[in-house]
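Please open the structure in your viewer and keep the selection tool at hand. The tour below goes from one stop to the next, saying at each what to select and what is there.

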Amino acid sequence: MKQEDEATTRALAAAEKIGDQYLELDTENIDDKRIKELLNEALPVVVQCEQVLGSHHPDTLELYHNIGSMFRDIKDYPHALEWYTKGAEHGHDDAQCSLALLHQLGEGVTKNPAKAIEWYTKAAEKGNETA
């Protein structure tokens with residue numbers, strides 16, 4: 001039991017660290033190199049979180065969204081789509097809203113207003129104010 005608690009603590013701390021580092025980035029002057037470095041740090045953390053916390057845990061879902069956002073920042077829309085979808089399908093409202101935006105703008109997918117509305121609606125039903 002103690003080992004599980006320690007593993008959970010480590011996974012949560014690693015996920016929080018990635019989130020904090022992402023939030024500290026200057027969104028006005030996106031540094032592709034720094035984002036790629038952060039992605040290299042984040043991907044092993046995802047595996048750790050999925051194994052220890054599970055793919056439905058709020059911190060894992062937040063990590064999916066953050067990774068999707070990092071990929072979108074460097075205009076890697078197919079990977080952004082992949083990560084937003086992982087979070088959105090598990091009910092993460094920010095991921096749902098971000099996925100809707102991809103469909104609205106046609107980033108990584110064919111522009112699809114109906115699909116955008118579907119995801120915005122799901123996010124709004126969860127209380128997402130942006131949706």
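Begin by selecting Ala131, which lies in the segment after helix H6 (113-125), where helices are DSSP runs of H or I with at least four residues, numbered from the N terminus. This is a predicted model, in which local features need pLDDT of at least 70 and side-chain atom pairs count only at pLDDT 80 or more, while totals for chains, interfaces and linings use all residues. Residues are numbered from 1 along each chain as its sequence is written, and side-chain values use heavy atoms, with hydrogens and water left out.

Ala131 has a relative accessible area of 37%, so it counts as partly exposed, a class between buried (under 20%) and exposed (over 50%), with a 1.4 Å probe and protein chains only.

Next, select Asp94, which is found in helix H5 (residues 93-105) and is partly exposed, with a relative accessible area of 31%.

For the last stop, select Tyr64 and Trp83. A search of the whole structure finds one aromatic pair, and in it the ring centres of Tyr64 and Trp83 are 5.8 Å apart with planes at 50°, so the pair is tilted. Rings of Phe, Tyr and Trp (its six-membered ring) pair if their centres lie within 6.5 Å, and planes under 30 degrees apart count as stacked, over 60 as edge-to-face and the rest as tilted. The pair links distant parts of the chain, with Tyr64 in helix H3 and Trp83 in helix H4 (residues 77-89), 19 residues apart. Both Tyr64 and Trp83 are buried.

How values were computed: Helix = DSSP H or I, 4+ residues; strand = E, 2+ residues; numbered from the N terminus.
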